[in-house]
2 protein chains.
Amino acid sequence: MSSERIIYLPLGGAGEIGMNAYVYGYGKPGEERLILVDIGVAFPDMDTTPGVDIIFADISWLKENRDRLEAIFITHAHEDHVGAIGHTWESLGVPIFARAFTANIARGKLAEYGHSPETVTTVSPWPETTKAGPFTVGFLPISHSIPESSGLVIDTPGGRLVHTGDFKLDANPVVGEAFDPELWAEVSKDGVKALICDSTNVFSPNPGRSEITVGPEIETLVASAPQMVIATTFASNVARVKTLAEAGERAGRSICLLGRAMRRMIEAAVETGVIGSFPKVISPEDATQIPRENVMLIVTGSQGERRAASAQLARGKYNGIELKEGDLFLFSSKTIPGNEKGVIQIMNSLSEKGVDIVDDDGGKYHVSGHANRPDLERMQDIVNPQIVVPMHGEHRHLREHMKLAEGRGRAGVLAINGTMVDLSGNQPTVAGYVETGRTYLDGSVQIGALDGIVRDRIRMALNGHVVVTVILDEEDEPLGEPWCELMGLPEIGRSNAPLVDILEEDLSQFLGRAGEKTLGDDDKLEEGMRRIVRNSSVNEIGKKPEVTVVISRLS
Amino acid sequence: MSSERIIYLPLGGAGEIGMNAYVYGYGKPGEERLILVDIGVAFPDMDTTPGVDIIFADISWLKENRDRLEAIFITHAHEDHVGAIGHTWESLGVPIFARAFTANIARGKLAEYGHSPETVTTVSPWPETTKAGPFTVGFLPISHSIPESSGLVIDTPGGRLVHTGDFKLDANPVVGEAFDPELWAEVSKDGVKALICDSTNVFSPNPGRSEITVGPEIETLVASAPQMVIATTFASNVARVKTLAEAGERAGRSICLLGRAMRRMIEAAVETGVIGSFPKVISPEDATQIPRENVMLIVTGSQGERRAASAQLARGKYNGIELKEGDLFLFSSKTIPGNEKGVIQIMNSLSEKGVDIVDDDGGKYHVSGHANRPDLERMQDIVNPQIVVPMHGEHRHLREHMKLAEGRGRAGVLAINGTMVDLSGNQPTVAGYVETGRTYLDGSVQIGALDGIVRDRIRMALNGHVVVTVILDEEDEPLGEPWCELMGLPEIGRSNAPLVDILEEDLSQFLGRAGEKTLGDDDKLEEGMRRIVRNSSVNEIGKKPEVTVVISRLS
């Protein structure tokens, strides 16, 4: 057990799509030097995380082992890979490495917490490499739905690992580097110990399509539109935004970008030179001054986000612009599972305005940024690793991806968040488990997913909340009657009398019956009053509310 | 304005998919005699209706005009068409008419409210008709994803209306009547004033597929499964349940049905004779006694419902049955938008158990129960109505369906819930608007969507809840310190001191500064204390909680 080993430890992203955070280690067991690859966010929902702002991996284990951490490497600038860097960096405090575009976005996030631009070192792609303890790490360009996405070539004294990052095999990605199979083969030719690989689209049976294929379709559509055209896509998909803008320009339209995230991404792309040219952009104010058939808006909010431009435009005037009968709204995007209702709501609001909607139902106006099943097979063939470690997927994706690898005669391992895998041998072995979970940013406070805070909110949302107040004098005798405040509950139930009156009457009777032992004991009194409220509520309104009992003693 | 007219007034189902409730009237304006077609439910979600049990159309207008209502007709037994009959019948009190299977289900719902079976009259299909005031109504068999679905032929002195109900054009529906184009043409040959038509699948470009096509695919899949097979589908899709059960039987498996709704539906289908034969069914207990490769479970919960059989089996042992590595779980269903997360959660839990999942991604194991765009065109051609009234759809579906009709040279009208349409002339005209909305069944109480109760719950879920208590003596002087109880909020914020201490300190200072005018006035005092709590909370935790202030005066 004293020989050195290579470990892989996902803290996030293996068991969900989102909040990626992967640790690699090399050294003697328990003394491995560590690097972190990506530190992203996931997004809350009303079902499980009401009121939460964002979610990221619980990195307590990394904080405890901070002295062993050498560096952070960010593969690309999607929120689920870089989004938590600002919220977590202070507790890790090591250098961050990324390519120019990603570094630009990361610096913006760090600046919100007052950290200087030097926190991030901009690195060039392979063959340039960065030393970090026992690791030598190079950024290997690969195509994805954002500029400068990169795989990582991670060299250790125990062998070479290839971490794909998010990727697709695109020979014509419009913006950024095409997938270069020769380069990937060259890097892999001396043997790769493990391929740690994106699993998102393992269930998609056909080879992925190139970004270049959507341009002509979009162009035809935009050219035929009689009134204003509005198109939405993921703000970070710079290639798509460019394709949309150029289609508009060719159709003689002026381009206006709406949404902070989209302007920020295009700005970063221009600043870092990842796009050479971009059509001239006009302001929303100018857009209102020219005939609507000469305008094309490209806007944020393809996932139905309530505060993004799409939703705002669907609701009414936004930045002085109002959509009208005959306008065309293009969703150049797919709806991520869970976001359907928000997107559909926007579609219906647009329909009420008489706006015609085109979505990607037919597959013409969007292509995925992730490798499909045959692409994953091709990647395995090119890199030819001993071991395949599926990452970036829910359990079902990881399992399917592992089966795919094993079916092709390679060693695979299903490692979900918290699973420490030893990659040193020919077969991966589980070296242990680390406590992981989710951290919520809630307002300005970071709370744990298991703290019970969000659970209480969900309970209040489902059951309503009753607050009971009672005052007791120095002799533990009730002073006046107890009273109730209801929040989120019907006012009148079965008896056709106000629920609050019925609860107060029942509580009053309870106090009348209660003996000294109960009246003198806060816990007993609280428990009794809670029971009364819950039972009476079930009788009256068929619900058991949450109950807070406030006991004031004048003693 | 004194001549008689035909009116159409959707109270639910026109502007959403769900809670169908369509009113027809005939007579002098304002004195029309009325019938109600369907009275269904919609399902709540955490985003907009936390804690609500079910949703149905606000029928206040019907209640106010109860003396004009002649009868209720139910087209078929889906929850969104019959689900609210039990909750609403008492306030309407008119006879209900339905075909045998639908009547069986409706009687079950009415029995829960103590209403007798005679409340529902079982009617035979066309050419039998029922008189209801000026209306003569016949049930015209049509294929759908439930037995005995029917369109309605509604004759009025002003002409014939055809209300399709939910339908598809299926020549081989496995269970129940095939679509009979000659019958529909015969009924329509003397002229149809208006076709009121299902819009659900107006965006589906290809003709719908027959139920008969899924059988062979399911059979092949089940026959090749090495271990237990579990299949889920909509409980009410009796044809599919039969297809699944017969595939299991042919593969030498014993069939076990899990889930109350599914057993109830098969029972109703057998009782009313809509299925002649159904494979022998064994109990869950017996299922555990035979080798798992000889068992097939058919279970509820295809939409990810937390309490249904699929979710229970995914979580652990259910009815003594436990799923294992190598079992096959088939989703013979599509996921209704909004239910994706629940379904995916089940898939991942199954994946953790090593269960292999087959869903309908490839379109092999499920077909829709609704008419696609070419089928809607065909229906228009057969019925050849003057006017097409799209129903059963969100705004975007209704609008597209109207455009489809107009594009083919027919009059169309976009009538959402509350729009009263006069169908008497050659062109439909809007005769007025009626207040509509949603009623929530919340526990045992019916509440209005705009009552604010659910809004308060959502606010507590997003913002947390602070309860402030203060006691004032006879001279309006605070007795002791004010205190706070937090629910759903972080305990510690920016100052690293308990939030509750900081709020109490700030409130105490406020009371110390407050003058007689404030202390003597509940509203002023409450407003001031709420402001303090909200401002201090924003500083500490970056959130503005909901605040309830309880003021006790000893006077």
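Residues are called buried under 20% relative accessible area, exposed over 50%, and partly exposed in between, using a 1.4 Å probe and protein chains only. The structure is a predicted model, in which local features need pLDDT of at least 70 and side-chain atom pairs count only at pLDDT 80 or more, while totals for chains, interfaces and linings use all residues. Residues are numbered from 1 along each chain as its sequence is written, chains are lettered from A and ligands numbered from 1 in the order in which they are written, and side-chain values use heavy atoms, with hydrogens and water left out.

The interface between chain A and chain B was examined through contacts, defined as heavy atoms within 4.5 Å. Chain A gives 61 residues to the contact, and chain B gives 61 residues. The size of an interface is often given as the accessible area lost when the parts come together. Here buried area is the accessible area (1.4 Å probe) that two parts lose on being put together, summed over both. Between chain A and chain B this area is about 5,200 Å². Carbon and sulfur atoms give 61% of that area.

Polar contacts were then counted. Such a contact is a pair of N or O atoms within 3.5 Å; within protein, one must be able to donate a hydrogen and the other to accept it, and residues adjacent in sequence count only if both atoms are side-chain atoms. Between chain A and chain B, 29 residue pairs are in polar contact, both residues being at pLDDT 80 or more. Elements giving two or more residues to the side of chain A that touches chain B include α11 (340-352), α14 (453-463), α17 (522-541) and β29 (546-553) of chain A. Helices (H or I, at least four residues) and strands (E, at least two) are DSSP runs, numbered from the N terminus. The residues on this side of chain A divide into 26 nonpolar, 16 polar and 19 charged. Ala, Val, Leu, Ile, Met, Phe, Trp, Tyr, Cys and Pro count as nonpolar, Asp, Glu, Lys and Arg as charged, and the others, Gly among them, as polar.

A salt bridge is a side-chain nitrogen of Lys or Arg within 4 Å of a carboxyl oxygen of Asp or Glu. Eight salt bridges are counted between chain A and chain B. One of them pairs K543(A) with D442(B) at 3.0 Å, N to O. Over all chains the count comes to 60 salt bridges. Among them, K543(B) pairs with D442(A), with the closest N and O atoms 3.0 Å apart. K543(B) sits in the loop between α17 (522-541) and β29 (546-553) of chain B and D442(A) in strand β25 (residues 438-442) of chain A, so this pair joins two chains. Both residues, K543(B) and D442(A), are buried.

Salt bridges also occur within chains. R553(B) and D522(B) form one, the closest N and O atoms being 2.7 Å apart. R553(B) lies in strand β29 and D522(B) in helix α17 of chain B, so the pair ties together parts 31 residues apart in sequence. R553(B) is partly exposed at 24% relative accessibility, and D522(B) is partly exposed at 35%. E394(B) and R396(B) meet at 2.6 Å, N to O. Both E394(B) and R396(B) are buried. In chain A, a network of salt bridges links E377(A), D381(A), R408(A) and R410(A).

N201(A) lies in the loop between β14 (192-198) and α6 (214-223) of chain A. N201(A) is buried, with a relative accessible area of 11%. A polar atom of its side chain lies 3.2 Å from the backbone oxygen of H370(A).
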